[in-house]
Amino acid sequence: MKTKTILRIFTVAITLVATLQPSFAAKAAEQAQQQTPRAVPVSAITLKTTTIQLKQHLPGRSVAYKVAEIRPQVTGIITERLFTEGSMVEQGQQLYQINPAPYQAVYNKVKADLLRAEANLASVAAKEARYRESLKVSVVSEQDYDDAKAALLDAKASVAIAKAAIESAEIDLNYTKVYSPISGQIGKSTFTEGALVTANQSTLLAKVTQLDPIYVDMQESRKKVLSLREKSKNTDKVMVTLDLGDGFTYEHQGQFQFSEVTVNPTTSSVELRAIFPNPDQILFPGLFVRATLLLDTVDALLIPQKAGIIGPGGQMNAWIIDDKDTAQLVPIVAKEIHENNWIVTKGLKIGDTVITEGFQKLRPNAPVVVTPAAEDKK
């Protein structure tokens with residue numbers, strides 16, 4: 001009886017062990033699985049060189065190519081205005097007529113003075129010729145001849161003075177017709193017919209502005225100007241594009257003209273200038289624009305801006321995947337932006353796999369797995 005009881009207990013124990021053994025094995029496997037870190041799914045790209053055109057973005061303002069301030073050169077009454085306000089005028093086109101009568105009278109008088117001086121010159125010249133011949137046979141004294149010679153020189157001077165007076169009177173007479181010195185658009189007239197104007201007055205008669213072509217002036221710091229020169233040393237002509245705002249891009253490209261040789265002591269900036277065709281007069285003086293200078297074409301390593309992580313000290317870093325499929329945080333240098341990418345100059349090389357998404361929970365040496373979507377991007 002005792003032996004049967006022992007056998008029964010032994011049988012129950014074996015059954016219990018057999019029942020519990022799978023549970024212990026599953027738990028051990030689960031613990032082992034928990035101790036092994038899971039691979040973090042990430043998106044990544046493999047670096048390769050990309051040919052890009054370096055660009056420099058600058059704020060700018062359009063400036064008229066030429067501006068002519070129309071002022072009278074003589075005093076008088078305006079008798080006629082010969083243009084339509086706001087219209088296009090040509091170089092040499094008459095704009096105003098000032099009463100010419102007083103200046104015509106002066107011109108006629110000095111012409112008469114010239115005739116009188118020339119008549120006197122002819123008489124004095126004949127007398128000097130006779131005295132010169134008479135002096136040879138001692139009919140007249142040397143003093144008489146010297147007086148005749150001096151009178152001849154004085155008569156010649158009078159003729160020269162009369163001619164100069166005619167030129168001056170003719171200039172004043174011509175100034176009664178006010179012409180446009182340039183071609184362009186004329187603004188409003190500040191004087192009407194019947195108004196009295198004076199020579200070289202401070203108030204303008206009108207202003208003519210030439211808008212085609214047109215300048216765009218930009219400001220840049222001295223250091224960035226030096227960088228701009230370095231990045232355009234292989235470009236013969238630096239072209240410029242304009243963004244007018246509200247998604248509107250100006251259809252014509254301009255050309256970079258020059259940079260000032262002096263630095264503004266207040267702003268430590270240098271003025272730059274570009275010139276643009278403006279046949280449709282879309283650009284007006286004073287318009288604020290965003291200019292883009294198209295510089296050298298280079299091969300560069302690009303990473304998305306979101307892949308560049310700036311630390312508390314300003315150091316930029318990026319996550320890469322090493323040959324063990326683990327994540328590593330490496331310092332990089334990237335100071336320039338091209339479109340939505342950083343241009344990396346140090347810290348990365350061709351063939352490196354850079355993590356672009358999913359790095360927020362990463363730690364160094366953490367295993368990672370590239371998702372299928374990221375593989376497509378590669």
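Colleague: Where is Ile-337 found?

Modeller: In strand S18, residues 336-338. Keep in mind that this is a predicted model.

Colleague: Is Ile-337 buried, exposed or partly exposed?

Modeller: Partly exposed, because its relative accessibility is 42% and that class lies between 20% and 50%.

Colleague: What does Ile-337 touch, not counting residues up to four places away in sequence?

Modeller: Gln-305 and Trp-342.

Colleague: And how many residues apart along the chain are Ile-337 and Lys-55?

Modeller: They are 282 residues apart. Their C-alpha atoms are separated by 8.9 Å.

Colleague: New topic, the open sheet of four strands. What is the order?

Modeller: S6-S5-S3-S8, with antiparallel pairing.

Colleague: Which strands stand at the edges?

Modeller: S6 (177-179) and S8 (196-197). Each has a single partner strand, so one side of each is left without a neighbour in the sheet.

Colleague: How many bridges between S3 and S5?

Modeller: Three, in the antiparallel sense. S3 covers residues 76-81 and S5 covers residues 94-98.

Colleague: What stands opposite Ile-78?

Modeller: Ile-98, in S5.

Colleague: Which helix lies across S5 and S6?

Modeller: H3, residues 142-175. Helix H3 runs at about 70 degrees to S6.

Colleague: On to packing. Which residues touch the most other members in the largest nonpolar core?

Modeller: Tyr-96 and Leu-205. That core has 28 residues.

Colleague: Which elements give two or more residues to this core?

Modeller: Strand S2 (49-70), S5, helix H2 (101-136), H3 and strand S9 (206-221).

Colleague: What is Leu-205 in contact with, leaving aside its neighbours within four places in sequence?

Modeller: Quite a list. Among them are Ile-70, Arg-71, Pro-72, Ile-78, Tyr-96, Val-178, Phe-191 and Val-197. The contacts also include Lys-188, Ser-189 and Thr-190.

Colleague: What about a second, separate core?

Modeller: That one has 26 residues, including Met-218, Val-238, Val-289 and Leu-293.

Colleague: Last one, Ser-232. Where is Ser-232 found?

Modeller: In the loop between helix H4 (222-231) and strand S10 (239-245).

Colleague: Buried or exposed?

Modeller: Ser-232 is buried, because its relative accessible area is 12%, and buried means under 20%.

Colleague: What is Ser-232 in contact with, leaving aside its neighbours within four places in sequence?

Modeller: Val-238, Leu-295 and Asp-296. Val-238 also belongs to the second core.

Methods:
Residues are numbered from 1 along each chain as its sequence is written. This is a predicted model: local features need pLDDT of at least 70, side-chain atom pairs count only at pLDDT 80 or more; totals for chains, interfaces and linings use all residues. Side-chain values use heavy atoms; hydrogens and water are left out. Two strands pair if DSSP finds at least two bridges between them. Contact means heavy atoms within 4.5 Å. Axes are lines fitted to C-alpha atoms, for helices over the stretch in contact, and angles run from 0 to 180 degrees between N-to-C directions. Buried means under 20% relative accessible area, exposed over 50%, partly exposed in between (1.4 Å probe, protein chains only). A nonpolar core is a set of buried Ala, Val, Leu, Ile, Met, Phe, Trp, Tyr and Cys residues joined through side-chain atoms within 4.5 Å.
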